[in-house]
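Subject: Handover of a two-chain model

Hello,

I am passing this structure on to you. Please look through it first; my notes follow below.

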Amino acid sequence: MIIGVAAAAVCLAVLLLYRGNTRRTMRRLDEMLDEAIRGDFAAGRYDESQLSKIESKMSRFLSASRLKKGQIEHEQDKLRALISDISHQTKTPISNIVLYAQLLNEQEGLPADAGALAGQIAGGAEKLNFLIQSLVKISRLESGIIKLSPQRGEPAALIADAMEDCAAKARRRGVTLRFDAPPEPIFAVFDARWCAEALYNILDNAVKYTGAGGEVCAVLTAYEMFVRIDVRDTGRGIREEEIAKVFERFWRGKDSPAAEGVGIGLYLAREIIVGCGGYVKVRSEYGKGSVFSVFLPADNCDKMRIANRYS
Amino acid sequence: MNIVLRTVGLKKHYGAGENMVRALDGVSLAVEEGAFVSVVGTSGSGKSTLLHMLGGLDRPTDGTVEIGGKDIFAMDDDALTIFRRRNIGFVFQSYNLVPVLNAEENILLPIRLDGNAVDGAYIEKIIETLGLSEKRQSLPGQLSGGQQQRVAIARALAAKPSILLADEPTGNLDSRTSLDVLGLLKVSGERFGQTIVMITHNEEFAQMAERIIHIEDGRILGGASR
């Protein structure tokens, strides 16, 4: 009887001890994972216990993945350096080509068709220049060299500026630009310099695909969380199957005018808008025109702190 | 890109013989991690059935659904319930908020239910992104429809699910508010690296997504892979 009670007591004690042990181990494992997630894990003790073995293994695993991460960052740095080299080193030769093609064109006694050829060279060189500059901008945005700094501002001013930059081209093409600013001032949060570029690219695209006599107009509306800028054109519109692709890099419509554009403006525009915490959307009817809508975060203190994807 | 969600030959038939309804009739699709996909179709096209299958709310007649490489219907009901709670966020047309809890408590509810510690910084970011900082103490009854749906989205994101499934999330909202809510859904999806599958019958809203899947009579008409 007494032996039985004693045996039961011992069993119970062992069981409790075991359970306590397991719980402690689990707790330590949980702690270790938390430390690893925070990035301050260090193997705490060295003895013959299983836990210590696990700690050592974990720290080995973590340092291996840290090493890998370091390698990747190093590769990225090299890539960035290469990109800025490309942009820097191609600048002079390209401007030389443009310059000499112009000088060639101004030579007296040049055969008639030589002038046209020189013009082609200059045009090609300018396109190459634009392409390289855009690629460099994109890669700087994507790799985080350029940080967007969204601040409170009036999108109306943004639209007016971008329209001014587009005005000459629109006039040349016989396209009317229109923007009726709403009577009440509307505020949004955006990076003024980059968003001006984004909006310019969208307007430029609209002008490009709208024929003489057409109209491109901008409409500004305030929602609760976003401010919406619509750019409507009366151009050729986009085929339904192509709508999803217009923001893709290097994508160009099947019936785009051959000479113009490289398919990068809208892609860059979307990257910028998304980077500011907004989004873009397009609606189009083939043959009738398109509406590109830019949504920028509306101004409320919440959004001031919306760190964007590039920061 | 990683494929986070994959269905192979998914079928759901109701009834038998001549009365058999093929709600889903062999749907195969793959969704990449971090993508925003919309599923459009008329009512009765099978899009809601598809969403229920993707979320493990209903078992298919045939075919598989893999989430993160795991065949979800190979699990028993209990395991599936836990898997769903930890990996899938839902947003429905009706917001399903608990009326006696304020916005913040509603957002935290699923995490508390799972007995997990709350990742305060993460929740803070979600509340901020969805523009709810000033509304956190408000009860659902004091919020507009758009705000209530934003709380529902925040609640779905709070548990860091690998996929967010939205069934007509703006069905009860006017078109202005809808664009607001969908914009935030899109922006927060991008910000928190969420994969989103949204069902809608509205073509305009569908275009917010990077990819549109058309479904009709239980079959995919286009957009399954891009």
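Two strands are taken to pair if DSSP finds at least two bridges between them. Helices (H or I, at least four residues) and strands (E, at least two) are DSSP runs, numbered from the N terminus. This is a predicted model, in which local features need pLDDT of at least 70, side-chain atom pairs count only at pLDDT 80 or more, and totals for chains, interfaces and linings use all residues. Residues are numbered from 1 along each chain as its sequence is written, while chains are lettered from A and ligands numbered from 1 in the order in which they are written.

Chain A

An automatic or database domain assignment divides chain A into domain 1 (2-70) and domain 2 (151-304). The C-alpha centres of these two domains of chain A lie 58 Å apart.

Chain A has an open sheet of 5 strands with mixed pairing, in the order β2-β4-β5-β7-β6. At its edges are β2 (176-179) and β6 (279-285) of chain A, each of which pairs on one side only. On average, neighbouring strands are turned by 15 degrees against each other, direction ignored. Within the sheet, β4 (residues 215-222) and β5 (residues 226-233) of chain A run antiparallel and are joined by 7 bridges. In this pair, L220(A) stands opposite I229(A) of β5(A).

Helix α7 (residues 265-275) of chain A packs on the sheet, where it touches β6 and β7 (289-297) of chain A. Its direction makes about 135 degrees with that of β6(A); axes are lines fitted to C-alpha atoms, for helices over the stretch in contact, and angles run from 0 to 180 degrees between N-to-C directions.

Where the chains meet

Counting residues as in contact if their C-beta atoms, placed from the backbone, lie within 7 Å, 19 residues of chain B are in contact with 17 residues of chain A. On the chain B side, α4 (120-129), α6 (175-191) and β9 (211-216) each supply at least two residues. The largest share, 9 residues, comes from α6(B). This helix, α6(B), lies across β5, β6 and β7 of chain A and runs at about 125 degrees to β6(A).

Strand β9 of chain B

β9(B) runs parallel to β3 (residues 36-40) of chain B, with 4 bridges between them; here S38(B) stands opposite I212(B). With β10 (residues 219-222) of chain B, β9(B) runs antiparallel through 3 bridges, and E216(B) stands opposite R219(B). The hairpin of β9(B) and β10(B) has 2 residues between the strands, and D217(B) takes a positive phi near 50 degrees.

Regards

Methods
Two residues are in contact if their C-beta atoms, placed from the backbone, lie within 7 Å.
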